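Please look at the structure shown below before reading on. The briefing that follows takes up helix packing and then the surroundings of a ligand.

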Amino acid sequence: MNPSDTLPLFQRGVGRVKLALKTTLKRPPRPSSICLGEQMPWRDGLLCQQGHLLGGTRTLGQLGYTHSPHAKVAVDTITGVAVVHRLFTPEGVAVLQDICARLEEGAGDSDWIISRRTRGVTALSSFINDMMSSRAFLLAVSRIAGVPLVPYPMVNARSQVNYFYPKPVEQQQQLGMWHTDGTNYVLNIVLSGSSDYSGGEFLYHNGTLDTFDALDHRTFESAQLDEPGDALFIYGSRLFHGVRPVLSGRRMSLVLSFHCPYFADDSNRFWHVASDDGIAATVPRWLGLRWALQRSAARQFSRLGIEPITFEELHQTGA
Ligand SMILES: O=C(O)CCC(=O)C(=O)O
Ligand SMILES: [Fe+2]
């Protein structure tokens, strides 16, 4: 088998600009018309009280990076990739499944490997919005990441629900799967169980961006995401990753992005966001992002209504 037949590479550089133009010309979906009528509010008890389990953790240093994205934070402090089990209770997973399934109504079609997706879901679901602003949830994700985190400041790039369905073989071959994310700290929560679909494995390149070769599958790893609610945490802008085409059933996932408020640096690029949301919609949001990144960490936490999460706190146990 020639891996290039099954593992095409997603657009970068000029390809992103072309994609941004295409997205701009397409009629945007209208997710704001969805009325979820959520029955249950978020509560911290929906996080697994025994604490989550991590598997296959690799720091940015272990992936081969020598330069840290943040001054004074070592590459071996920041997680590059980790499988997260039991972050939520079964009830928490069931509520997320229900909300994300209902958000499909307003999903836009995507001609990427993801069949459909709904962006900016924190504006549509108060449950997901409150979960992302919960100090307990942010502390759990910060501990996984190795740095304190807040929700990513740009709403559309902050959260997304992906729906994958089988596609005709001819289409799969033209479509990109391998990509890096625009955002840095990304939690990919798979809400379908492994018996709900076939194909759809989450692959990542176990190395740096420079050493990625789409044809060399020896460096690829498949994340063990079997139970609904299992998640893959990644440093998305520095890890090539992708979901293989789904062959049967449906795979649904909730992808959440975070930002470390102690540093103003951010890897996102205008064309990356514009390729997802179109150019016109991205301009004001982009200006808002530049503004938000300048806020102090104290201000970012106080806007969420929570006490700051500190570096020291990440290493304390029993909290
Ligand atoms: O749906 C997933 O599990 C992850 C897809 C992905 O990498 C993305 O949306 O950027
Ligand atoms: Fe991604």
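Helices α5 and α6 are oblique to each other, a word used for angles that are not under 35 degrees (roughly parallel), over 145 (roughly antiparallel) or 65 to 115 (roughly perpendicular). This is a predicted model, in which local features need pLDDT of at least 70 and side-chain atom pairs count only at pLDDT 80 or more, while totals for chains, interfaces and linings use all residues. Residues are numbered from 1 along each chain as its sequence is written, chains are lettered from A and ligands numbered from 1 in the order in which they are written, and side-chain values use heavy atoms, with hydrogens and water left out.

**Helices α5 and α6**

- The axes of α5 (residues 126–133) and α6 (residues 135–145) come within 5 Å and cross at roughly 60°, where axes are lines fitted to C-alpha atoms over the stretch in contact and angles run from 0 to 180 degrees between N-to-C directions.
- Helices here are DSSP runs (H or I, at least four residues) and strands are runs of E (at least two), numbered from the N terminus.
- M131, M132 and S133 of α5 meet R135, F137 and L138 of α6, contact meaning heavy atoms within 4.5 Å.
- This contact of α5 with α6 has 4 nonpolar, 1 polar and 1 charged residues, where Ala, Val, Leu, Ile, Met, Phe, Trp, Tyr, Cys and Pro count as nonpolar, Asp, Glu, Lys and Arg as charged, and the others, Gly among them, as polar.

**Helices α4 and α5**

- Helix α4 (residues 90–102) packs against α5 at an angle of about 130°, with the axes 10 Å apart, and α4 is therefore oblique to α5.
- V95, L96, I99 and C100 of α4 make the contact with F127, I128 and M131 of α5, and the residues of this contact divide into 7 nonpolar, no polar and no charged.

**Around ligand 1**

- Of the 13 residues around ligand 1, N162, H179, D181, R251 and S253 come nearest, a residue being near if one of its heavy atoms lies within 4 Å.
- Polar side-chain atoms lie 3.0 Å from an oxygen atom of ligand 1 in the case of N162 and 2.6 Å from one in the case of S253.
- The elements giving two or more residues to the shell around ligand 1 are β6 (159–164), β12 (241–243) and β14 (251–259).

Notes:
Polar contact = N/O pair within 3.5 Å; in protein donor to acceptor, adjacent residues only side chain to side chain.
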